[in-house]
Amino acid sequence: MASSRPKPSRPIGVMIIAIVAAAGGLLSLFGGASVLAGTATGPFVLAITVIIFGILGLVLGVGFYTGAIWARMAGIIIYIISIGLGVAEILYGGNVGFVGGVIRILAGIIIPVYLTRPKPKSFFGKVPRPA
């Protein structure tokens, strides 16, 4: 059953994380592809994992922008998991991996915390329960 409640306007923070997710996805695709092409160093498995997270970042960026119901929870889960990938990038990814790893860890902390705030929750369709 569809809700008759109008969708709240997109918070500026959601717009920012949509852009960050999409840009991070593109950078991850570039970084992973660079390793596969031999123009950067790093383990093959890490490059494939970074490419997968790059694709997820692009999908999440679209989901965040459109306010897709699934995007909030998927974003929280994926960004928390990405903290581990950030650590692996710092340890094994060379110079490019170090910078990407630090950014990934910061995003893995900041974005899930933001997505649990009332305005983003409301935008993604989570309404507070009556007391």
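The protein has five helices and zero strands. Helices here are DSSP runs of H or I with at least four residues, strands are runs of E with at least two, and both are numbered from the N terminus. This is a predicted model, in which local features need pLDDT of at least 70 and side-chain atom pairs count only at pLDDT 80 or more, while totals for chains, interfaces and linings use all residues. Residues are numbered from 1 along each chain as its sequence is written, and side-chain values use heavy atoms, with hydrogens and water left out.

**Stop 1: the whole chain**

Show the C-alpha trace. Along its principal axes it spans about 55 × 25 × 25 Å. From the N terminus on, the elements run α-α-α-α-α. Of the 131 residues, 36% are buried. Buried means under 20% relative accessible area, exposed means over 50%, and partly exposed is in between, with a 1.4 Å probe and protein chains only.

**Stop 2: the largest pocket**

Select Leu27, Ser28, Glu89, Gly100 and Arg104. Among the 34 residues that line the largest pocket, these lie nearest its centre. The pocket has a volume of about 690 Å³.

How is a pocket found? Rolling a probe the size of a water molecule over the atoms shows where empty space is left. The search uses a 1 Å grid over the protein atoms alone; a cavity is a set of points where a 1.4 Å probe fits but cannot get out, and a pocket is an open set with protein on both sides within 12 Å along at least five of seven lines. Lining residues have an atom within 4 Å of a point. Grid points are joined across faces, edges and corners, and the volume is the space filled by probe spheres set on the points.

Now colour by helix. Helix 1 (12–37), helix 2 (44–66), helix 3 (69–92) and helix 4 (94–115) each supply at least two lining residues. Which helix gives the largest share of the lining? Helix 1 does, with 11 residues.

Next, colour the lining by residue type. It divides into 19 nonpolar, 13 polar and two charged residues. Ala, Val, Leu, Ile, Met, Phe, Trp, Tyr, Cys and Pro count as nonpolar, Asp, Glu, Lys and Arg as charged, and the others, Gly among them, as polar.

**Stop 3: the salt bridge**

Keep Arg104 and Glu89 on screen. Their side chains meet in a salt bridge, 2.8 Å from N to O. The pair links distant parts of the chain: Arg104 is in helix 4 and Glu89 in helix 3, 15 residues apart. A salt bridge is a side-chain nitrogen of Lys or Arg within 4 Å of a carboxyl oxygen of Asp or Glu. By this rule the count comes to one. Side chains of opposite charge can pair when their charged atoms come close.

**Stop 4: a nonpolar patch**

Select Phe98, Val99, Val102, Ile103, Leu106, Ile109, Ile110 and Val113. They form a nonpolar patch on the surface, with about 740 Å² of accessible area together. Accessible areas come from the Shrake-Rupley method with a 1.4 Å probe, and for residues only the protein chains shown count as cover. Patch residues have over 30% relative accessible area and no salt bridge; like charges are joined within 9 Å, and nonpolar side chains (Val, Leu, Ile, Met, Phe, Trp, Tyr) within 5 Å.

Zoom in on Val99, in helix 4. Val99 is partly exposed, with a relative accessible area of 48%.

**Stop 5: Arg72 and Lys126**

Go to Arg72 in helix 3. Arg72 is buried, with a relative accessible area of 8%. Then pick Lys126, in the segment after helix 5. Lys126 is partly exposed, at 46%. Lys126 and Arg72 are 54 residues apart in sequence and 9.4 Å apart in space, C-alpha to C-alpha.

**Stop 6: Pro120**

Finish in helix 5 (residues 118–123), at Pro120. Pro120 is buried, with a relative accessible area of 1%.
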